[in-house]
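Hello,

Here is the structure I promised to pass on. Have a look at it first, and my notes follow below.

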Amino acid sequence: MSESLRRPQQAQQSYQAQSGPPMIFSMVWLVYLVFPLYYLFQQPPLEVVVGVTAVVLFVIIYVCSFRFERMRFYGVLALIVIVGLFCYSDEGSIYMAFYPAPLIGMLINRKQMYVALGALTALFVATIWYWSLLSSLDDMLQYLPAMLIMLFMPFAFMIGRRSKELRKRLHLANEEIARLSKNEERQRISRDLHDTLGHTLSLITLKSELAEKLILKHPERAVQEVKDIQATSRAALRQVRELVSGMSALTVRDELAHAKQILSAAGIVLEAEGDWELEIPSATMNNILGMCLREAVTNVVKHSKAKVCTVCLVGEGSRLTLSVTDNGAGLSKTGENGVWTDARGGNGIKGMRERLKLIEGSLVVESIGRGTRLEMTVPLVAKEAEKGGIGG
C-alpha cells in the first residue's frame, strides 16, 4: 500500500481510538457516585455489601468503556442494567444514567447507538411506570428534564465527533494537497531545467568540441564558434535567472501588499500612488523590483521614524520608475551637490544597486528636507533583446 493511502488510514484508526472526551473527563464525574453510596450505607448490611459491589463494578465498566472502543457497546448495556437495578430500590438512582449517556454518543456503529438509546429509553419508561411518576406532577417535573437531557447527550456527542472527524479529514486533505503540490513543483522545475538548459548546454558542448578541432586549421571559424559559445552561455545564464525568478514568485504588487502589513504594524501609513496595474514585461524585472521594494520598506521601518510612507510606480515611455518616500528623520550623510548617496551606513542600498544593475537599472537616493526618497529606474526594453540570436 502506498504511503499516501496508508497515512489517512492510520490517522483514521488513531482518531477512532481517541474519539470522545479525554480519560480524565470520565474520572471527574465519578465523584457524584457518593450520593448512591450515601443512600446504600443507610440500608441493612447485606444490601450495603451488594450495593457497594455493584457500584465498584459500575465504575470498572464505566472506565473500561471509555478506554476500550471494542467493549463500549456491551459496557453501555451493562451500565444501563446496573442503573435499572438501583432504580428498583430508589427512583433517584435514575440520575446514574448520566454515566452511560455520553458513552452512547461515542459508539461508532450507528446500529449499536440506536440499540443503546432504545435500552436507555426503556429504562426511563420502566422507571416512570414502576414508581408511578405520571401520577405526581412534581416528580415528573423533577425527573423528566434530566431524562430528556440524557437522551439528547448521545446526539450532541455524535455531532461533535463528526465535526472533529471532518476537521481531521480536511487537515489530511490539505496535507495531501500540499504534498502533491510539492511533487508537481519538483516535476515542473525538472522539466524547466531540462527544457531550458538541456538543449543550451548540449549546444555549448558541441560548439566547444568543434572549436577545438578548428583552432589549428581554421582559426577564424574557431573564433566565431567561441563567440557563439559566449552568446549561448549568456542566454543560459539569463534562462537560469528567469527560472529562479519564477520559483520565488515575488512581484511588485505582491510586495506592496506585504509592505502595507509591515508598515501598519510599525504605525506607519502607506500611500500608494501611480499605476499599479501597469504590466511589467519581464518576470526578472518584476522580481528584482519587488526585492528592492522590500528592502526599501524595511529601511523605512527600521530607521526612518516616519509617520507616512509613499510608494509610487510610474511608466514613462521606455522607463519604469519605482519610488519610496518617507517623512522621517532623513539621511545622515550627503554626497556631492547636496544629493544623498548613502543611507544610514547599511548594506541595503548597495544590494539594491547591485540587483538593479542586472536589469540595467539605477538607484537615486535623495534627502527631501525631513525625509528620504529612493527612486529606482529601469528600462522597459532590455539591451539583451536588441542583440542577435544565439549561434550567429
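The unreviewed UniProt entry lists residues 23-41, 48-68, 74-101, 113-131 and 143-160 under "transmembrane region". UniProt positions are given in the numbering used here, feature names are shortened, and annotations may be inferred rather than shown by experiment. Residues are numbered from 1 along each chain as its sequence is written.

Residues 48-68 are 95% helix and 0% strand, with their end C-alpha atoms 30 Å apart. Residues 143-160 are 100% helix and 0% strand, and there the end C-alpha atoms lie 26 Å apart. Across the chain there are 12 helices and five strands (DSSP runs numbered from the N terminus: H or I of at least four residues for helices, E of at least two for strands).

Now for the interior. Of the 392 residues in the chain, 33% are buried (under 20% relative accessible area, with exposed over 50% and partly exposed in between, using a 1.4 Å probe and protein chains only). The largest nonpolar core has 41 residues, and Phe58 and Tyr62 have the most contacts inside it. Such a core is a set of buried Ala, Val, Leu, Ile, Met, Phe, Trp, Tyr and Cys residues joined through side-chain atoms within 4.5 Å. The elements giving two or more residues to this core are α4 (45-67), α5 (72-89), α6 (100-105), α7 (110-130) and α8 (137-217). Its largest share, eight residues, comes from α5. Apart from it lies another core of 31 residues, including Ala259, Met352, Leu356 and Val378.

If you were wondering about cysteines, the whole structure has zero disulfides (pairs of cysteine sulfur atoms within 2.5 Å). Cysteine 87 counts as buried because its relative accessibility is 3%, and cysteine 312 counts as buried because its value is 16%.

Finally, a word on confidence. The chain averages a pLDDT of 80, and 81% of the residues score at least 70 (pLDDT is the predictor's confidence in each residue, from 0 to 100). Over residues 334-345 the pLDDT is below 50, and it stays under 50 over residues 382-392. Where pLDDT is low, the predicted coordinates should not be read in detail.

Best wishes

How values were computed:
Side-chain values use heavy atoms; hydrogens and water are left out. Contact means heavy atoms within 4.5 Å.
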